[in-house]
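User: Please go through this structure with me by question and answer, from its cavities to its cores and backbone.

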Amino acid sequence: MEGTHRKRLLSLDTSRGFYTCVIIIAHAFSHLMFWDMSLIALEDFSIVAIIILSPIIIIATCAPVFVQISASALSYNFYLDVQKFIQSQKEIHTLSENPTSISFRNPMLLRIIKKNLINYAVLLGASLLHVFLFHYGLHWNGTVQHTILTGIIETGKILPINYEVFFQTDAIGLIAMSGIFNVGLISLLLCKEGFYKPKRNLIILFGLVFGWFILSPILHLIFDDLFWESLNAGQYGITLLLKLIVGPPQSIFPNFAFGFVGIIYGFAFAQGENYVFFKKTCGILAIIFLGAAGIVVLLNGFSLSPDSFGLFLPLEIQLLDFAVIQILTLLFIKKIEFSSTSPEILRKKTRIFRQYGSVTMTVYMFESVLCLLNMLWFIPLWKLLPQTSFILHLEVFTFVAMQLALWYGITTLWKRSKYKFSVEWFTVLIRKKILKN
């Protein structure tokens with residue numbers, strides 16, 4: 001059922017790697033400028049450096065894009081698995097003219113659900129490890145909250161376990177929860193005769209995208225303060241429930257909307273839609289959400305500080321992120337999926353990005369640890385030089401480039417063993433063990 005020779009969507013593999021590089025760059029920069037140090041005051045940061053970093057700054061809060069990419073891959077493969085099941089049933093029931101009704105009680109179809117739920121359950125476990133052990137010090141509930149391993153590196157001492165980290169929703173946890181939700185959603189959309197109703201499914205998914213964003217500020221207005229109040233009062237059952245609605249920093253509202261649009265793209269690829277469909281869809285969404293972001297800024301103003309990354313991102317940033325990501329999605333689709341360049345040349349051109357993207361979740365888990373360890377020797381070494389503005393800027397950019405290069409070296413060496421012991425490797429291993437295949 002899995003379709004071992006199925007066409008991979010090169011645009012997804014490439015964009016996943018591209019955004020992984022963005023995360024490495026943005027986090028390395030932030031460790032030196034905001035989270036652990038303040039090498040250069042923001043007002044002293046040169047305009048030239050800002051121009052160079054502007055593309056990264058614009059998409060620095062792009063974590064939900066991985067929800068979209070994951071949902072696209074999930075829905076693409078899910079749809080094709082169901083399609084393959086329908087074709088196998090037609091071969092068995094050659095005389096029947098009625099369309100095959102989809103019931104996920106069927107063992108073959110139930111297996112599709114199980115394998116995907118296992119994938120996301122493993123990610124949920126990885127998320128818990130991340131927030132307890134490897135996450136950088138996060139501005140949270142009025143203080144900087146350190147995890148166990150990174151806390152030792154950041155503070156130089158062993159810190160007591162802070163169980164409040166359990167209520168954080170990191171990017172890995174967001175991807176996992178969104179994936180579990182989307183497995184159920186896709187099953188509902190395709191069950192019975194739903195597989196044969198692409199227009200109905202498209203309308204439902206668009207409705208979810210817009211409805212989710214409309215509900216988001218309302219739910220945050222109602223529940224944000226209550227989340228912190230219940231946490232501080234030790235009412236952990238209520239806090240857990242609220243985490244599943246507005247839990248920071250990667251709140252389900254509105255970030256699940258990225259998953260819904262990802263399903264639209266995944267279904268479209270599986271159904272063989274042409275470039276015009278993607279151009280219209282991405283273009284319309286980008287225009288609407290850019291306009292919405294502009295309206296919110298005009299009404300409420302614009303404010304964003306490093307401290308915001310442990311709290312709730314402003315609505316205008318979330319709207320802008322969504323719009324920009326749709327524009328970039330269209331560029332990846334146009335330049336890769338609908339390119340006149342041969343697949344072999346495209347694979348060569350995208351090799352580096354795809355290499356980073358092969359272990360995105362692993363990079364997400366460990367990049368802060370690598371950053372902090374390197375800072376232990378890198379910062380003192382540069383202090384031997386005159387602390388002029390030029391030297392400080394050079395120090396920041398050298399460190400960021402070094403982090404990116406180190407991860408390229410790590411993934412290049414790791415590739416030889418097929419990324420054994422990575423999060424992605426464990427995910428496949430556990431899934432095969434449970435499904436006995």
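This is a predicted model: local features need pLDDT of at least 70, side-chain atom pairs count only at pLDDT 80 or more; totals for chains, interfaces and linings use all residues.

Residues are numbered from 1 along each chain as its sequence is written, and side-chain values use heavy atoms, with hydrogens and water left out.

User: What is the volume of the largest cavity?
Analyst: A cavity is a set of points, on a 1 Å grid over the protein atoms alone, where a 1.4 Å probe fits but cannot get out. Grid points are joined across faces, edges and corners, and the volume is the space filled by probe spheres set on the points. The search of the whole structure finds three cavities of 30 Å³ or more. For the largest cavity the volume is about 130 Å³.

User: Which residues lining the largest cavity are the closest to its centre?
Analyst: Lining residues have an atom within 4 Å of a point. Helices here are DSSP runs (H or I, at least four residues), as are strands (E, at least two), numbered from the N terminus. At least two lining residues come from each of helix H1 (10–35), helix H3 (65–92), helix H9 (252–270) and helix H11 (315–337). Of the 13 lining residues, the closest to the centre are Leu12, Ser15, Gln68, Ile69 and Thr329.

User: How many charged residues are in the lining of the largest cavity?
Analyst: Ala, Val, Leu, Ile, Met, Phe, Trp, Tyr, Cys and Pro count as nonpolar, Asp, Glu, Lys and Arg as charged, and the others, Gly among them, as polar. By these classes the lining has eight nonpolar and five polar residues, and the number of charged residues is none.

User: Within what arc do the buried residues of H5 fall?
Analyst: Buried means under 20% relative accessible area, exposed over 50%, and partly exposed in between (1.4 Å probe, protein chains only). In helix H5 (residues 148–155) the buried residues are Thr150, Gly151, Ile153 and Glu154. The arc is taken over the directions from the helix axis to the C-beta atoms. Seen down the axis of H5, these residues line one face of the helix, because they fall within an arc of 165°.

User: Which helices are included in what covers the buried residues of H5?
Analyst: Contact means heavy atoms within 4.5 Å. On this basis, the cover of the buried residues of H5 includes helix H4 (107–134) and helix H14 (360–382).

User: Which residues have the most contacts inside the largest nonpolar core?
Analyst: A nonpolar core is a set of buried Ala, Val, Leu, Ile, Met, Phe, Trp, Tyr and Cys residues joined through side-chain atoms within 4.5 Å. The largest such core has 119 residues, and H9 gives the most to this core, with 14 residues. Those with the most contacts inside the core are Tyr19, Phe78, Val82 and Leu190.

User: Which residues are in contact with Leu190?
Analyst: Neighbours of Leu190 within four places in sequence are left aside. The contacts of Leu190 are then Phe78, Tyr79, Val82, Ile102, Phe104, Phe195, Asn201 and Phe267.

User: Where is Pro254, which a cis peptide bond joins to Phe253?
Analyst: The bond between Phe253 and Pro254 has an omega of about 10°. Another cis bond runs from Pro248 to Pro249, with omega near 0°, and Pro249 is in the loop between helix H8 (236–246) and H9. Pro254 itself lies in helix H9.

User: Is Tyr419 buried or exposed?
Analyst: Tyr419 sits in the loop between helix H15 (389–415) and helix H16 (423–435). Its phi is positive, about 55°, although Tyr419 is not a glycine. With a relative accessible area of 12%, Tyr419 is buried.

User: How many Å separate the C-alpha atoms of Phe227 and Val246?
Analyst: Phe227 is in helix H7 (residues 198–232) and counts as buried, at 0% relative accessibility. Not counting residues up to four places away in sequence, Phe227 touches several residues, including Trp140, Phe167, Leu242 and Val246. Phe227 and Val246 are 19 residues apart along the chain, and their C-alpha atoms are separated by 7.8 Å.

Methods:
On a 1 Å grid over the protein atoms alone, a cavity is a set of points where a 1.4 Å probe fits but cannot get out, and a pocket is an open set with protein on both sides within 12 Å along at least five of seven lines; lining residues have an atom within 4 Å of a point.
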